[in-house]
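Dear colleague,

I am passing on a structure that will be new to you, and I would be glad if you could look it over. My notes on what was found in it follow below.

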Amino acid sequence: MGHKHTCAAYKRVGEDMMIMFSDDKDAARQDVLSKIRFYAFPYAVYKASKAGRGLLFVQSDSSLAVMSLPIPLLSNGRSCPQQRSVFLHWLTMEEYDKEVCRDDFEMAAMRNELKSAVETYDDKVEVPVLMRFRCGQVAVGVAPLVPDYKLCQILGKEYYGHGQDSGAVQLNIDDV
């Protein structure tokens with residue numbers, strides 16, 4: 001991967017591997033979603049067809065800064081100390097209340113915004129997303145489906161429809 005492709009991401013995280021500005025955090029989250037969208041959004045469409053309306057919960061044991069980098073190389077030139085990965089969960093609002101809010105009261109603060117997103121999204125063109133990273137960065141939004149709905153249905157069934165209809169999926173970012 002060339003310098004021109006990676007330069008903006010490394011400038012955004014700086015030498016301290018921290019993202020300071022909200023616009024940069026938005027761009028970093030978009031970078032993460034763009035890396036996983038061909039797996040995450042088909043997963044969301046597939047799970048929604050089985051469980052009903054809900055949200056895609058994307059979690060990582062790495063910071064947003066580390067996850068947003070185009071390659072697994074920190075700004076100091078060293079390799080990332082651990083595999084960069086995300087866990088995907090499809091949660092209904094009831095599951096969110098029982099499984100997430102029960103264990104993490106801070107996540108309950110997102111409930112109203114999430115509930116509104118879940119109730120109003122157009123499942124044919126978008127998906128509600130909750131992202132949480134190790135650094136404490138948490139964000140709620142509604143993302144456009146890429147690829148489109150029909151392709152997400154096909155890919156979701158192909159990727160996830162073989163009897164393993166349970167729980168979360170782990171995506172190793174540098175393997176996708």
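Predicted model: local features only at pLDDT ≥ 70, side-chain atom pairs only at ≥ 80, totals over all residues.

I begin with a turn: in the hairpin of strand 3 and strand 4, where 5 residues lie between the strands, Gly 136 takes a positive phi near 100°. Here strands (E, at least two residues) and helices (H or I, at least four residues) are DSSP runs, numbered from the N terminus, and two strands are said to pair if DSSP finds at least two bridges between them.

Residues are numbered from 1 along each chain as its sequence is written, and side-chain values use heavy atoms, with hydrogens and water left out.

As for the chain as a whole, it holds 6 helices and 5 strands, and along the sequence these follow the pattern α-α-β-α-β-α-α-β-β-α-β. The radius of gyration (taken over C-alpha atoms) is 16 Å, close to the 16 Å that the globule rule (2.2 Å times the number of residues to the power 0.38) gives for 176 residues, so the chain is as compact as a globular protein of that length. The C-alpha trace spans about 45 × 35 × 25 Å along its principal axes. Of the 176 residues, 42% count as buried, where buried means under 20% relative accessible area, exposed over 50%, and partly exposed in between (1.4 Å probe, protein chains only). Among contacts (heavy atoms within 4.5 Å) with a separation of 6 or more, residues 24 or more positions apart account for 71%.

Turning to strand 1 (residues 55-59), 5 of its 5 residues are buried. In a regular strand the side chains alternate between the two faces of the sheet. In strand 1 both faces are covered, with Leu 55, Phe 57 and Gln 59 on one side and Leu 56 and Val 58 on the other. Strand 1 pairs with strand 2 (residues 85-91) in the antiparallel sense over 5 bridges, while 4 bridges join strand 1 to strand 3 (residues 126-132), and these two run parallel. Leu 56 takes part in both pairings: this residue stands opposite Trp 90 in strand 2, and its bridge partner in strand 3 is Val 129.

Strand 2 also pairs with strand 5, in the antiparallel sense and over 4 bridges, with Val 86 standing opposite Leu 171 in strand 5.

In the segment after strand 5 (169-172) comes Ile 173, which is buried, with a relative accessible area of 6%. Leaving aside residues up to four places away in sequence, Ile 173 touches Lys 35, Ile 36, Met 67, Gln 83, Arg 84, Ser 85 and Val 86. Ile 173 and Gln 59 are 114 residues apart in sequence and 12 Å apart in space, C-alpha to C-alpha.

Arg 111 lies in helix 5 (residues 111-120) and counts as partly exposed, at 24% relative accessibility. With residues up to four places away in sequence again not counted, Arg 111 touches Met 93, Tyr 96 and Asp 97. Between Arg 111 and Cys 101 there are 8.5 Å in space, C-alpha to C-alpha, for a separation of 10 residues in sequence.

Two points of backbone geometry remain. Most residues other than glycine have a negative phi, and most peptide bonds are trans. Met 17, however, has a positive phi of about 55° although it is not a glycine; Met 17 is found in the loop between helix 1 (3-13) and helix 2 (22-51), and is buried, with a relative accessible area of 16%. A cis peptide bond, with omega about 5°, joins Val 146 and Pro 147, and Pro 147 is found in the loop between strand 4 (138-144) and helix 6 (149-160).

With kind regards
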